[in-house]
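This report examines selected elements of one protein model. The sequence and the structure are shown first, followed by the discussion.

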Amino acid sequence: MSARGHAFGIDIGGSGVKGAQVDLATGLLTHDRIKIATPQPSTPDAVAGAVAELVAQAGWDGPVGLTMPCVVLDGHAMTAANIDPGWIGTDARALFAEALGGREVTVLNDADAAGLAEDTYGAARDLDGLTLLLTFGTGIGSALLYNGTLVPNSELGHLVVEGAEAEHQAAASVKDREALSYPQWAQRVSTVLRHMEDLFWPKVIVAGGGISRDHEQWIPLLTNRTPVIPAVLKNTAGIVGAAMAIEGGIAP
């Protein structure tokens, strides 16, 4: 932990770049998060400029952790979801380090960051064994953690279930697009979860994403085997996980 016990995290999404300083003793933001609209098009140079602007607004002069909607290997973005395809193959770690004056940075997948945060400060903080976090939104993001150790870039939303990718059947966006009721959507989610739990046998599944705010309307309807609990940190999870990653030296 840093001398002040704080670290800075930034969560880059398709519509917004959000960041804040995090108290690593509690997992709480030390001030209101700063949000800048994601540039359109969201090219690497444009997003790096937005990140530099956000950090300058915050007055932060230390290392920075960042999350992106991408698979990240050795600091390189290998995929691009809801962000410009020009990111694919980009050395994101080097790009952000340069934009921030050469300071230390780390970059990881956004769902992985949320998983780190929920496992340490949120819904799964007192649990051991294998935890699976799923974020239900435009797609389905995933994070696997075993006794607090992240297994990065799991991308289980792309798991093929009964002939189609899981996120094409059970993302929150599918519920909206097809005007599914909660019981109808919960049935689809249950099918997806049964396939995932048969492969990985997690002790618990943490359900995140905006739709987790309405968890009372659908989690009790699930029929899979593994207990499912709602995420706690909501829209701060990515920021908190990014801050944890830079402080903990996590660099997928």
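## A parallel strand pair

In this predicted model, Thr 131 has Val 204 of strand β14 as its bridge partner. Strand β9, residues 130–136, and strand β14, residues 204–208, are joined by five bridges and run parallel.

## The open sheet and its helices

Strands β9 and β14 belong to an open sheet of five strands, ordered β11-β10-β9-β14-β15, in which the pairing is mixed. Its edges are formed by β11 (149–151) and β15 (228–230), each of which pairs on one side only. From one strand to the next, the twist averages 30°.

Two helices are described relative to these strands. Helix α3, residues 110–121, lies across β9, β10 (140–146), β11 and β14, and runs at about 45° to β10. Helix α6, residues 182–200, lies across β9, β10, β14 and β15, with an angle of about 150° to β9.

## Helix α2 and its surroundings

Helix α2 covers residues 92–99, and its buried residues are Ala 92, Leu 95, Phe 96 and Ala 97. The elements against which these buried residues pack are β1 (6–12), α1 (44–58), β5 (64–68), β7 (76–77) and β8 (105–109). Just after α2, Gly 101 adopts a positive phi of about 75°.

## The contact between α1 and α2

The axes of α1 and α2 come within 9 Å and cross at roughly 45°. The crossing in which α1 passes α2 is right-handed.

On the α1 side, the contact involves Pro 44, Asp 45, Val 47, Ala 48, Val 51 and Ala 52, which meet Leu 95, Phe 96 and Ala 99 of α2. Eight residues of this contact are nonpolar, one is charged and none is polar.

Leaving aside residues up to four places away in sequence, Ser 42 touches Val 47, Ile 83, Asp 84 and Trp 87.

Terms used:
Residues numbered from 1 in each chain as written. Predicted model: local features only at pLDDT ≥ 70, side-chain atom pairs only at ≥ 80, totals over all residues. Heavy atoms only, no water. Buried < 20%, exposed > 50% of the residue type's maximum accessible area, 1.4 Å probe, protein only. Helix = DSSP H or I, 4+ residues; strand = E, 2+ residues; numbered from the N terminus. Contact = heavy atoms within 4.5 Å. Pairing = 2+ DSSP bridges. Axes fitted to C-alpha atoms, helices over the stretch in contact; angles between N-to-C directions. Left-handed = near helix turned anticlockwise from the far one by under 90°. Nonpolar A, V, L, I, M, F, W, Y, C, P; charged D, E, K, R; others polar.
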